[in-house]
Amino acid sequence: MSTALHYLIAARQCEIDELHRLQRTSTLVRQLGELIHALQKERGLSNILLASHGQRARQALHTQVQASTHSARALRGVLDSLDLQALRGSHGARLCNHIAYVLQGLDALPALRARIAALDLSPDAATQAYIRLIAGLLAVVFEAADSATHPDISRLLIAMLHFMQGKELAGQERATGAMVFSSGTSTAARQQHWLHLIDSQERCLQVFAECAPATPLALWQAACMHSPHLTTIERLRRIGCTSPADAPLDMELGEIWFDACTLRMDTMYEIETTLADELLQRCHTQLQAAQAALAHPQSMLHSASDAAGAGALPDFFSTSNTSLVLRPGTDYAPQLGQSVMALVQEQSLRLQAMHHELETVRTALTERKTVERAKGLLMTHRGMSEAEAHKLLRQTAMNQNRRLIDVAEAMLAMADLLPLPGHAG
C-alpha cells in the first residue's frame with residue numbers, strides 16, 4: 001500500500017536523477033568552454049592574417065588550428081558519452097537541436113579554414129563565420145542554464161553563462177582591434193561597433209558579478225585591479241576608437257593589441273574553468289547528500305522528528321500551515337506517523353524555497369532571451385546590425401520610461417504584423 005514515505009523516497013530519487021543529468025551537463029559545459037576559447041583565439045589570428053594580406057600570423061594560426069581541432073575532438077568524445085534517453089523532454093529536444101547545429105558547424109570548419117589560408121575571404125566575413133559557430137556553442141550552455149532546477153546550481157550556471165558571453169564579446173573586440181590595426185585604418189562604423197562591444201561586455205560581467213560565488217568573483221576582481229596588460233588595452237582602445245576615420249594607424253600595433261587581449265582572455269578562461277570546477281563540485285556534493293539521505297530513510301525521519309521537537313509538529317489543517325503536504329492517515333506505520341509528518345513539512349518547505357529562489361535567479365536569463373529575440377527581429381526586418389538593434393531598443397525604453405524587457409516583449413507581440421524581409425509594408 002502506498003504511503004507518504006514511499007512518495008517522499010520517490011521524490012528524492014527524482015532529485016538524484018536530475019543531479020546526475022546536471023553533472024553530465026556540467027562536464028559538457030566545461031568542454032564547450034575549452035573549445036570556445038580555442039576558436040576565439042583562432043578567429044583573432046585569422047583576422048590578423050587576412051587584414052595583413054597574409055603577411056602576419058600564418059604560423060601562429062596554423063598552430064592554433066591544431067589546438068582547436070584537438071578541443072573539438074574532445075567535445076565530440078563528451079557528446080558520444082551523453083545518455084540521449086535521459087535528455088527526453090522539451091529541454092532535451094532544444095539541447096539536442098543546438099548540439100546538431102554545432103556539429104554541422106564543426107563539419108564545415110575545414111572549408112572555412114581553407115578559404116582563410118588562401119586569403120579568399122574578407123576579415124569581416126571570417127569574423128562573422130566564427131561568431132555564428134561560437135554562438136551555437138554558447139547556445140548549448142544557455143540551454144543547460146535554462147533547464148537547471150536546483151537554485152544554487154542554476155545561479156552558478158547563469159553566472160558562468162554571462163561570464164562566457166562577456167568573454168566572447170571580449171574575443172570579438174580582440175578580433176575587431178586586430179582587424180583595425182593590422183589593416184592600418186578604421187571607419188566610423190567600425191569604431192561604433194567597437195564601443196558597443198565594450199559596453200556589452202560590461203553588462204554581461206555585471207550580471208556575472210551579481211550571481212557569481214565568492215571565489216571566482218574575487219579572482220575576477222583581482223584580475224581587473226592588478227593586470228598590467230589592461231593598461232595596454234585601454235591605451236589601444238583610445239587610439240582605435242577615437243582616431244579620425246580613415247586616418248592611418250600603426251600596423252605594428254595589431255600584434256601588440258592581440259597579445260594584450262590574449263593575456264586578458266587567458267585570465268578569463270582560468271576563471272571560467274574555476275566556475276566549471278565549482279559547478280561540478282556542487283553537483284557532486286548535492287548528489288552525495290541526496291544519495292546518503294536516500295540510503296538511510298529512517299535517519300531522515302528521525303532527524304525531522306527531532307528537529308520539530310516534542311509536541312511541536314505543525315497541525316496539518318492549521319491556518320498557519322501553508323505548505324503543500326500530504327494528509328497523514330492510518331497508512332503510516334504507528335512508529336513513523338509523527339516523523340513522516342515532520343519530514344513532509346520539512347521537504348515541502350525546502351522545495352518551495354528552491355522554487356522561489358530558482359524563479360528569482362532565472363529572471364535575468366529569461367529577460368536576456370527575450371531581448372535577444374527582439375534584437376533578432378529588428379535585424380531581420382529593419383536590416384540593422386546587432387549594435388543598432390540594441391541601441392534602438394534601449395533608446396525606445398528611455399523615451400517611453402519603460403523597462404527594456406517590456407519594450408522587447410511589446411515588439412515580439414507585434415511580430416506577426418511586420419512585413420516579410422524584402423517586401424514593402
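Ala408 is placed in helix H14, which spans residues 404-413, where helices (H or I, at least four residues) and strands (E, at least two) are DSSP runs numbered from the N terminus. With a relative accessible area of 0%, Ala408 is buried, a class that stands for under 20% relative accessible area, against over 50% for exposed and the range in between for partly exposed (1.4 Å probe, protein chains only). When residues up to four places away in sequence are not counted, Ala408 touches Thr370, Val371 and Ala374, a contact being defined by heavy atoms within 4.5 Å. Thr370 stands 38 residues from Ala408 along the chain, and the C-alpha atoms of the two are separated by 6.5 Å.

The model is a predicted one, in which local features need pLDDT of at least 70 and side-chain atom pairs count only at pLDDT 80 or more, while totals for chains, interfaces and linings use all residues. Residues are numbered from 1 along each chain as its sequence is written, and side-chain values use heavy atoms, with hydrogens and water left out.

The protein chain contains 14 helices and 0 strands. Of its 425 residues, 48% are buried. Among the contacts in the protein chain with a separation of 6 or more, 80% are accounted for by residues 24 or more positions apart. The accessible surface of the protein chain amounts to about 20900 Å², and carbon and sulfur atoms hold 56% of this area, as given by the Shrake-Rupley method with a 1.4 Å probe, in which only the protein chains shown count as cover for residues.

The structure holds 14 salt bridges, each being a side-chain nitrogen of Lys or Arg within 4 Å of a carboxyl oxygen of Asp or Glu. Side chains of opposite charge can pair when their charged atoms come close. In the salt bridge between Glu252 and Arg56, the closest N and O atoms are 3.2 Å apart. Glu252 lies in the loop between helix H8 (229-242) and helix H9 (253-295), and Arg56 in the loop between H1 and H2, so the pair ties together parts that are 196 residues apart in sequence. Glu252 is partly exposed, at a relative accessible area of 48%, whereas Arg56 counts as buried at 18% relative accessibility. A network of salt bridges links Arg56, Glu252 and Glu255.

A further salt bridge joins the side chains of Arg394 and Asp199, at 3.2 Å from N to O. Because Arg394 lies in helix H13 (residues 386-399) and Asp199 in helix H6 (residues 188-211), this pair ties together parts that are 195 residues apart in sequence. Arg394 is partly exposed, with a relative accessible area of 36%, and Asp199 counts as partly exposed at 29% relative accessibility. Within helix H8, Arg237 and Glu234 lie 3 residues apart, about one turn of the helix, and their side chains meet in a salt bridge of 2.7 Å from N to O. Arg237 counts as buried, at 10% relative accessibility, while Glu234 counts as partly exposed at 38%.

Rolling a probe the size of a water molecule over the atoms shows where empty space is left. On a 1 Å grid over the protein atoms alone, a cavity is a set of points where a 1.4 Å probe fits but cannot get out, whereas a pocket is an open set with protein on both sides within 12 Å along at least five of seven lines, and lining residues have an atom within 4 Å of a point. Grid points are joined across faces, edges and corners, and a volume is the space filled by probe spheres set on the points.

The second largest pocket has a volume of about 250 Å³. Its lining consists of 14 residues, of which Glu202, Trp220, Cys224, Leu230 and Arg264 are the closest to its centre. Two or more lining residues come from each of H6, helix H7 (214-226), H8 and H9, and H8 gives the largest share, with 5 residues. By class, this pocket lining divides into 6 nonpolar, 4 polar and 4 charged residues, where Ala, Val, Leu, Ile, Met, Phe, Trp, Tyr, Cys and Pro count as nonpolar, Asp, Glu, Lys and Arg as charged, and the others, Gly among them, as polar.

A search of the whole structure finds 2 cavities of 30 Å³ or more. The second largest cavity holds about 30 Å³ of space and is lined by Leu28, Leu32, Leu75, Leu79, Ile99, Val102 and Val140. Helix H1 (4-51), helix H2 (58-80) and helix H3 (90-117) are the elements that give two or more residues to this lining. The lining of the second largest cavity has 7 nonpolar residues, with no polar and no charged ones.
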